[in-house]
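Here is a briefing on one protein model.

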Amino acid sequence: GKFNKKHTSYEVQLREKQKVRKMYGVLERQFRRYYGLASKITGNTGTTLLQLLESRLDNIVYRMGFTFSRNQARMWVTHAHFLVNSKAVNIPSYVVQPGDVISLKESSSVKGVVKDIMETTGSRDKSPWLDVDRENLKGKYLAVPDRSQIDPKIQESLIIEFYSR
């Protein structure tokens, strides 16, 4: 019929790409750049793409439970409330490396809010690749997460198919 297989799979691929793009709060151009980077790195391109997205500073601030959403994390990173290895970083897409320590700036105006948020996000799914010190509002990025430690509902193969059409 009118809707051949290629058309259907395109729709499905596009939907998956948009879902993941929105989830991490990344613009199309940036997302395509991540795909480009991932495709140049040896190993599974889909897994590498997700690992790059997970390594973003805004995502890690969110994963550590400092914020309720990635959107809030992106905003607070932009407003320089967070430090990476004791240096202020205000770039949400900053790539955090294993061993890096993320902390809330001592003088941060959102300190009280972050303390409150951390009490409610304590029950959030723990990321085993992060070590969070809730008392001192800081955490360490221990290692790049394995695919098994990233959202199982994401079908990254569809995204790879979308870009390699």
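Four bridges join S4 to strand S5 (residues 138–141), and the two run antiparallel. This is a predicted model, in which local features need pLDDT of at least 70, side-chain atom pairs count only at pLDDT 80 or more, and totals for chains, interfaces and linings use all residues. Residues are numbered from 1 along each chain as its sequence is written, and side-chain values use heavy atoms, with hydrogens and water left out. Helices (H or I, at least four residues) and strands (E, at least two) are DSSP runs, numbered from the N terminus.

**Sheet**

- Five strands make an open sheet in the order S2-S1-S3-S5-S4, with antiparallel pairing; two strands pair if DSSP finds at least two bridges between them.
- Strand S2 (87–88) and strand S4 (130–133) are at the edges; each has a single partner strand, so one side of each lacks a neighbour in the sheet.
- S4 and S5 form a hairpin with four residues between them. Leu137, in the turn, has a positive phi of about 50°.
- Lys138 in S5 is the bridge partner of Asp133. Ser103 also stands opposite Lys138.
- S3 and S5 run antiparallel, joined by three bridges.
- Three bridges also link S1 and S3 in the antiparallel sense, and Val84 stands opposite Ile102 in S3.
- In a regular strand the side chains alternate between the two faces of the sheet.
- Buried means under 20% relative accessible area, exposed over 50%, and partly exposed in between (1.4 Å probe, protein chains only).

**Nonpolar cores**

- A nonpolar core is a set of buried Ala, Val, Leu, Ile, Met, Phe, Trp, Tyr and Cys residues joined through side-chain atoms within 4.5 Å.
- The largest has 23 residues; Leu57, Ile60, Val61, Phe66, Phe82, Ile102 and Val114 have the most contacts inside it.
- Helix H4 (57–63), helix H5 (70–78), strand S1 (82–84), strand S3 (101–104) and helix H6 (111–121) each supply at least two residues of this core. H4 gives the largest share, four residues.
- A second, separate core of 17 residues includes Tyr35, Leu52, Ile154 and Ile159.

**Largest pocket**

- Its lining has 13 residues, with Arg63, Asp125, Ser127, Gln149 and Asp151 nearest the centre.
- A pocket is an open set of points on a 1 Å grid over the protein atoms alone, where a 1.4 Å probe fits, with protein on both sides within 12 Å along at least five of seven lines; lining residues have an atom within 4 Å of a point.

**Loop residue Ser107**

- Ser107 lies in the loop between S3 and H6.
- Ser107 is exposed, with a relative accessible area of 62%.
- The C-alpha atoms of Ser107 and His81 are separated by 8.4 Å, with the two residues 26 apart along the chain.
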